[in-house]
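Q: Hello! I am new to this structure and would like to learn how to read its features. Could you walk me through them?

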Amino acid sequence: MIRPAAIPPKKTEKGSNFLYYPVDAKAGGTWFITNDKGDVGVLLNGAYEKHLPKERYRQSRGSILPALFAAENLLDALGNFDFDSIENCTLILFADGKLSECIWDGTNVTLKKLDETKQYIWASVTLYNTEMIAARRHWFKAFISANPNPSLEEMIHFHTNTGKGNDEFGLKMNRNNEMLTVSITSVSVLEESTTLKYFDVLNDVSTHHIIANSISIKQ
């Protein structure tokens, strides 16, 4: 079954924070979030390898990012977050100018600091096998080689057109209209502002937010 179109990002106030994120129309959570501090969070399903889902979980993975970004200190909230009885997932966080990867494999949480001056690509292990992920990494490496410092528009083009015609694991995929890319979300964080672009693939509608950062981004 095709997941219904999400609710596009809009300004949402949680505590003392202003958050922007698309909302899953079915489950009510999100997989992509940013705020007025220049922080960004992305959630991918699965950890290191494809897992067998349990019949029931305490709460949806989509609730994680709004909870973390509503906190006074995002990284402190991550350290204290209770992942127990939540399905396996991977979080990519850019917070306070620092990049990190957090993996919950259903038993343990592994937090790894990353070099924010380097480029990375991830893919959900629940959707793509090892060979597919390797092919996507190869495409990304070629793209970065040709575009060492890609603009937001160049990144959107990469996610929209790379592997075009490859419906199984192209960046914009469509597996017999049963599982397909329904949206593309991109963000660019600069010192003074954050630009968020969201494209609803199902309805061919885009939204665009330019968010003034409330604090200067540390570089």
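A: Gladly, and we start with exposure: buried means under 20% relative accessible area, exposed means over 50%, and partly exposed is in between (1.4 Å probe, protein chains only). Arginine 58, for example, has 42% relative accessibility and so counts as partly exposed. This is a predicted model, in which local features need pLDDT of at least 70 and side-chain atom pairs count only at pLDDT 80 or more, while totals for chains, interfaces and linings use all residues. Residues are numbered from 1 along each chain as its sequence is written, and side-chain values use heavy atoms, with hydrogens and water left out.

Q: How many helices and strands does the protein chain have?

A: Helices (H or I, at least four residues) and strands (E, at least two) are DSSP runs, numbered from the N terminus. The protein chain has 4 helices and 12 strands. Its C-alpha trace spans about 45 × 40 × 35 Å along the principal axes. Of its 219 residues, 42% count as buried.

Q: What is a salt bridge, and how many are there here?

A: Side chains of opposite charge can pair when their charged atoms come close. The rule asks for a side-chain nitrogen of Lys or Arg within 4 Å of a carboxyl oxygen of Asp or Glu. By this rule the count is 6 salt bridges.

Q: Which residue forms a salt bridge with arginine 58?

A: Arginine 58 meets aspartate 82, at 3.7 Å from N to O. The two are 24 residues apart: aspartate 82 is in the loop between helix 2 (74–80) and strand 5 (89–95), and arginine 58 is in the loop between strand 4 (40–45) and helix 1 (64–70). Aspartate 82 is partly exposed, with a relative accessible area of 44%.

Q: Is glutamate 101, which pairs with lysine 112, buried or exposed?

A: Glutamate 101 counts as buried, at 11% relative accessibility, whereas lysine 112 is partly exposed at 43%. Their side chains form a salt bridge of 3.7 Å, N to O. Because lysine 112 lies in strand 7 (residues 109–114) and glutamate 101 in strand 6 (residues 98–104), the pair ties together parts 11 residues apart in sequence.

Q: What does glutamate 153 pair with?

A: Glutamate 153 forms a salt bridge with lysine 197, at 2.2 Å from N to O. Glutamate 153 lies in helix 4 (residues 152–161) and lysine 197 in strand 11 (residues 193–200), so this pair ties together parts 44 residues apart in sequence.

Q: Which residues touch the most other members of the largest nonpolar core?

A: In soluble globular proteins, nonpolar side chains tend to be buried together. A nonpolar core is a set of buried Ala, Val, Leu, Ile, Met, Phe, Trp, Tyr and Cys residues joined through side-chain atoms within 4.5 Å. In the largest one, of 20 residues, Ile64, Leu68, Phe69, Phe83 and Leu91 touch the most other members. Strand 2 (17–23), helix 1, helix 2, strand 5 and strand 6 each give two or more residues to this core. Apart from it lies another core of 10 residues, among them Phe94, Leu99, Leu114 and Leu196.

Q: Where does leucine 111 lie, and what does it touch?

A: Leucine 111 is in strand 7 and is exposed, with a relative accessible area of 53%. Contact means heavy atoms within 4.5 Å. Not counting residues up to four places away in sequence, leucine 111 touches Leu78, Ser100, Glu101 and Cys102.
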